[in-house]
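Open the model in your viewer and keep the sequence panel beside it. The stops below say what to select next and what is there.

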Amino acid sequence: MLKVELHTHTSDDPVDPIPYSTFDLIDRAAELEYDALAVTLHDRQLEIGCFSEYAAARGIVLIPGIERTIDGRHVLLLNFSSASESVNSFEDLARLKAREPGLVVAPHPYYPAASALRGHLNTYGHLFDAVEWNAMFTPFINFNALAERWARTHGKPMVGNCDVHRLEMLGTTYSLVDAEPNADAICQAIVAGRVHVVAHPLTFVAAARMMARLYAGNFMPRVHPETDPVAAHHRRRAPVASPLAIDI
Ligand SMILES: [Zn+2]
Ligand SMILES: [Zn+2]
């Protein structure tokens with residue numbers, strides 16, 4: 001079984017200020033013995049060519065991905081071509097799915113955020129291959145319960161994701177996938193339901209601390225996205241202006 005994370009952001013993200021690079025994330029995933037990882041920036045599909053070799057040397061398969069905003073709602077598009085950046089409507093998504101065999105995941109569908117799918121998951125449920133169990137939950141506050149019920153009712157698999165915005169967020173929830181270690185096989189196995197979610201709740205204190213760090217981090221310097229990511233990896237971090245809200 002492969003340990004897989006399908007929802008992460010890095011300093012290449014055009015929306016959220018993230019204080020670590022894609023290389024840092026790969027290093028951390030390797031420490032935690034992940035086998036596969038998708039970097040899902042907001043509305044930009046990361047060009048993974050220069051990162052794939054670095055990841056492979058650490059035993060990690062990189063899966064192309066994007067967290068696309070469609071009708072104001074977040075949707076994870078995995079293992080599609082860069083055409084996924086041009087999906088602007090659910091009708092576009094249907095056309096993309098007809099052309100390419102990628103994986104469509106509903107992230108944090110019932111979380112209290114404007115970007116959550118909620119009713120759209122019912123309306124466009126046929127376009128989704130899997131539903132996310134999000135790592136941000138405690139034994140007493142868990143917005144995943146509705147997602148789990150929806151997935152069970154509609155016969156869809158769940159995947160465990162950390163929606164990583166800080167490196168310490170990685171690892172408490174993940175998927176175990178029964179597949180060969182390549183992006184196509186992993187996504188096909190998830191569609192076929194050969195996936196098991198491992199999810200450890202955060203304590204209330206840990207969740208509160210994480211949320212506080214996420215919001216405080218908006219005022220901190222971040223890694224400046226560079227055209228040469230290898231050089232950027234070794235370059236000093238430079239402060240840039242940051243938005244005041246985290247887009248989950
Ligand atoms: Zn999101
Ligand atoms: Zn996200």
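This is a predicted model: local features need pLDDT of at least 70, side-chain atom pairs count only at pLDDT 80 or more; totals for chains, interfaces and linings use all residues.

Which residue in E6 is the bridge partner of Leu76? Select Leu76 and look across to E6: the partner is Val105.

Residues are numbered from 1 along each chain as its sequence is written, and chains are lettered from A and ligands numbered from 1 in the order in which they are written.

**Whole chain**

Colour by pLDDT, the predictor's confidence in each residue, from 0 to 100. The chain has a mean pLDDT of 90, with 87% of its residues at 70 or more. Residues 222–232 have a pLDDT below 50, and this stretch makes 23 contacts in the model beyond near neighbours in sequence. Residues 234–245 also have a pLDDT below 50, with 14 contacts beyond near neighbours in sequence. A contact here means two C-beta atoms, placed from the backbone, within 7 Å.

Now switch to a cartoon view. The chain contains eight helices and 10 strands. Of its 248 residues, 44% count as buried; a residue is buried if 20 or more other C-beta atoms lie within 10 Å of its own, exposed if 12 or fewer, and partly exposed in between, with C-beta atoms placed from the backbone.

**Sheet E4-E5-E6-E7-E8**

Select these strands in turn. They form an open sheet of five strands in the order E4-E5-E6-E7-E8, with mixed pairing; strands pair if DSSP finds at least two bridges between them. E4 and E8 are the edge strands, each with a single partner strand, so one side of each has no neighbour in the sheet. From one strand to the next the twist averages 35°. Helix H6 packs on this sheet, touching E5, E6, E7 and E8, and its direction makes about 55° with that of E6. Such angles run from 0 to 180 degrees between N-to-C directions, with axes as lines fitted to C-alpha atoms, for helices over the stretch in contact.

Zoom in on E4 (residues 65–70). Five of its six residues are buried, so E4 is largely enclosed by the rest of the structure. E4 runs antiparallel to E5 (residues 73–78), and six bridges join them. Thr69 has His74 in E5 as its bridge partner. The two strands form a hairpin with two residues between them, and Asp71 in the turn has a positive phi of about 55°. On to E6 (residues 103–106), which is antiparallel to E5 and joined to it by three bridges.

Select Ala130, in strand E7 (residues 130–134). Ala130 is buried, with 24 other C-beta atoms within 10 Å. Its contacts, not counting residues up to four places away in sequence, include Leu103, Val105 and Ile190. Pro157 is 27 residues from Ala130 in sequence, yet their C-alpha atoms are 5.0 Å apart.

Gly155 lies in the loop between helix H5 (144–154) and strand E8 (158–161). Is Gly155 buried or exposed? It counts as exposed, with 7 C-beta neighbours inside 10 Å.

**The nonpolar core**

A nonpolar core is a set of buried Ala, Val, Leu, Ile, Met, Phe, Trp, Tyr and Cys residues joined through C-beta atoms within 7 Å. The largest has 64 residues, of which Leu37, Ile63, Leu78 and Ile186 touch the most other members. Helix H6 (residues 183–191) gives the most to this core, with five residues. Show Ile186: leaving aside neighbours within four places in sequence, its contacts include Leu2, Val4, Ala36, Val61 and Ile63.

**Sheet E3-E2-E1-E9-E10**

This second stop on a sheet is also open, with five strands in the order E3-E2-E1-E9-E10 and mixed pairing. E3 (61–63) and E10 (195–199) stand at the edges with a single partner strand each, so one side of each is left without a neighbour in the sheet. E2 (residues 36–38) pairs with E3 in the parallel sense over three bridges. Ala36 stands opposite Val61 in E3.

**Helix H1**

Finish at H1 (residues 22–31), whose buried residues are Thr22, Phe23, Leu25, Ile26 and Ala29. They span an arc of only 160° around the axis, which puts them on the same side of H1; the arc is that of the directions from the helix axis to the C-beta atoms. Just after H1, Glu33 takes a positive phi of about 60°.

Key: Helices (H or I, at least four residues) and strands (E, at least two) are DSSP runs, numbered from the N terminus.
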